[in-house]
Amino acid sequence: MKRFKNILCVVDTGEVCAPALERAVALAENNQASLAVVDVIERVAAGIGMPEGGPISADLQAEMVSAHEQQLETLIDPYRARIEIRTKVLIGVPFLEIVREVLRNGHDLVIKIPENPDWLDRLFGSDDMHLLRKCPCPVWLIKPQAPKSYRRILAAVDASDAYPSAELASRRALSRQILEMASSLAMSEFAQLHVVHAWEAIGESAMRSGGFMSRPKSEVDDYVEQVRRHHTQLLEALMHEVSGNLGQGVTDYLKPRTHLVNGRARKAIPALAEQIEADLVVMGTVARTGVPGFFMGNTAETILSHIGCSVLAIKPPGFVTPVTLVD
């Protein structure tokens with residue numbers, strides 16, 4: 001993947017982060033990219049009778065920073081011979097400080113291990129969800145048990161044309177980004193590339209329900225088949241366009257396997273990822289551009305909450321983060 005030139009790897013010195021760090025180092029080596037590794041610690045709050053920012057709280061904060069700096073150096077030391085690595089300890093709310101570090105230094109990729117699964121047994125915690133919503137660059141969340149090399153990569157695209165023109169252009173650009181990034185990664189990993197587009201025939205269930213919208217089975221079947229054919233054409237057009245951008249040789253080598261799945265994306269994509277035993281899902285998180293603070297849609301967030309493998313989440317061109325730098 002030659003597109004990343006300024007990588008930020010987020011580690012927790014108290015957690016297992018070797019897969020993310022090894023991936024970040026290898027990616028930086030292959031891309032001749034710069035690499036920064038950071039740890040984020042909480043700000044020391046003033047206790048009872050202890051003034052905010054006073055000497056006691058300042059000393060405690062300094063000691064915490066020093067301890068984590070030493071742990072970072074120990075963690076990074078085995079990789080020093082391979083590549084130059086900058087380290088830094090950030091202080092504050094993790095997702096905010098990570099996004100601010102991206103803004104300060106122009107990072108084009110964030111790599112990290114997901115937070116510990118919560119009681120709902122979801123892979124991504126609240127801090128990760130905030131990061132996925134608001135980080136202006138791609139975020140690669142690497143499962144702690146992730147293999148060193150990927151065997152199957154799933155690109156989740158939206159080839160539908162049922163959107164207002166401005167949003168449609170943004171969604172198409174995002175789908176192209178997803179396919180190009182997934183293809184590049186599949187090439188470097190010698191992995192199978194799978195591409196999924198979920199579609200629905202609007203009103204099908206109502207027409208089959210026997211209620212006032214009920215239609216003869218043959219009529220509904222014909223309607224659903226027409227919709228399926230339309231989405232098949234849309235996906236083929238998207239694949240053809242991206243193939244032209246990448247070069248026919250790349251497509252011929254990868255032989256991407258397309259999956260046109262009838263059903264809601266929020267259920268169909270996690271189910272397919274599990275079925276094919278995907279090691280990585282590449283997907284988008286927002287569709288609109290230039291809207292500060294525009295959160296992920298419910299569909300993207302639901303998909304992310306139910307995927308059990310690593311995820312590379314991409315923003316569309318023009319995404320504006322609501323996070324700002326502080327003086």
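Me: Which side chain meets that of Arg264 in a salt bridge?

Reply: Side chains of opposite charge can pair when their charged atoms come close. In this predicted model, the side chain of Arg264 meets that of Glu200, at 4.0 Å from N to O. Arg264 lies in the loop between β8 and α9, and Glu200 in the loop between β7 and α6, so the pair ties together parts that are 64 residues apart in sequence. Glu200 is partly exposed, at 38% relative accessibility.

Me: How many salt bridges does the structure hold?

Reply: The structure holds 20 salt bridges. One of them joins Arg82 and Glu22, at 3.3 Å from N to O. Arg82 lies in the loop between α2 and β3 and Glu22 in helix α1, so this pair ties together parts that are 60 residues apart in sequence.

Me: Which residues of helix α3 are buried?

Reply: An α-helix has 3.6 residues a turn, so residues three or four places apart point the same way. In α3, the buried residues are Phe95, Glu97, Ile98, Val99, Arg100, Glu101 and Val102. Their cover includes the strands β1, β2, β3 and β4, together with helix α4.

Me: How far does α3 reach from its first C-alpha to its last?

Reply: Helix α3 spans residues 94–105 and reaches 17 Å, close to the 16 Å expected at 1.5 Å a residue. Just after α3, Gly106 takes a positive phi of about 65°.

Notes. Residues numbered from 1 in each chain as written. Predicted model: local features only at pLDDT ≥ 70, side-chain atom pairs only at ≥ 80, totals over all residues. Heavy atoms only, no water. Helix = DSSP H or I, 4+ residues; strand = E, 2+ residues; numbered from the N terminus. Expected span 1.5 Å × (residues − 1). Buried < 20%, exposed > 50% of the residue type's maximum accessible area, 1.4 Å probe, protein only. Contact = heavy atoms within 4.5 Å.
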